[in-house]
Amino acid sequence: MTKIEARRKCKGLSRAELSRQSGVPIRTLESWEAGINVPRDVYQLYKVSKVLNCHIENLIEVDDD
């Protein structure tokens with residue numbers, strides 16, 4: 001489970017609701033949560049973080065390699 005998915009579920013939001021509230025396309029959220037794509041657009045991350053009431057840093061997956 002990604003950090004975005006965990007925070008979204010903790011807030012009780014569906015992907016569709018997070019998409020509606022943030023303005024980020026649902027397909028983008030789906031690909032982030034599935035690990036297909038990594039969030040690279042800071043503006044989109046910012047919009048998601050505002051809905052989830054957290055900092056962008058709380059949504060980014062860190063690779064310790």
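Start with helix α2: the cover over its buried residues includes α1 (3-10), α3 (26-34) and α4 (42-52). Contact here means heavy atoms within 4.5 Å, and helices are DSSP runs (H or I, at least four residues), numbered from the N terminus. Keep in mind that this is a predicted model, where local features need pLDDT of at least 70, side-chain atom pairs count only at pLDDT 80 or more, and totals for chains, interfaces and linings use all residues. Residues are numbered from 1 along each chain as its sequence is written, and side-chain values use heavy atoms, with hydrogens and water left out.

So which residues of α2 (residues 15-22) are buried? They are L18, S19 and S22. Buried means under 20% relative accessible area, exposed means over 50%, and partly exposed is in between (1.4 Å probe, protein chains only). Looking down the axis of α2, you'd find its buried residues within an arc of 100°, so they line one face of the helix. That arc is taken from the directions from the helix axis to the C-beta atoms.

Let's zoom in on S22, which sits in helix α2. S22 counts as buried because its relative accessibility is 7%. A polar atom of its side chain lies 2.7 Å from the backbone oxygen of L18. Setting aside neighbours within four places in sequence, S22 is in contact with K47, V48 and V51. After α2 comes G23, with a positive phi near 85°.

Now over to α1, where I4, E5 and R8 are buried. Seen down the axis of α1, the buried residues fall within an arc of 95°, so they too line one face of their helix. These residues pack against α2, α3 and α4. Just after α1, G12 has a positive phi of about 75°.

Helix α4 is where you'll find L45, buried at 4% relative accessibility. Not counting residues up to four places away in sequence, L45 touches I4, W32, P39, I56, L59 and I60. L45 and V24 are 21 residues apart in sequence, and their C-alpha atoms are 8.7 Å apart in space. In the segment after α4 comes N53, a residue other than glycine whose phi is positive, near 55°. N53 is exposed, with a relative accessible area of 62%.

Next, the charged side chains. Side chains of opposite charge can pair when their charged atoms come close. A salt bridge is a side-chain nitrogen of Lys or Arg within 4 Å of a carboxyl oxygen of Asp or Glu. How many salt bridges does this rule give? The count is five.

K9 and E5 are four residues apart in the helix, so about one helical turn separates them. K9 is partly exposed at 44%, whereas E5 is buried at 12%.

E17 and R20 form another salt bridge, with closest N and O atoms 2.6 Å apart. Both lie in α2, three residues apart, about one turn of the helix. E17 is partly exposed at 24%, while R20 is exposed at 60%.

In α3, R27 and E30 are three residues apart, so about one helical turn lies between them. Salt bridges that share partners also join R8, R15 and E33 into one network. As for R27 and E30, their side chains meet in a salt bridge of 2.9 Å, N to O.

Methods
Helices (H or I, at least four residues) and strands (E, at least two) are DSSP runs, numbered from the N terminus. A polar contact is a pair of N or O atoms within 3.5 Å; within protein, one must be able to donate a hydrogen and the other to accept it, and residues adjacent in sequence count only if both atoms are side-chain atoms.
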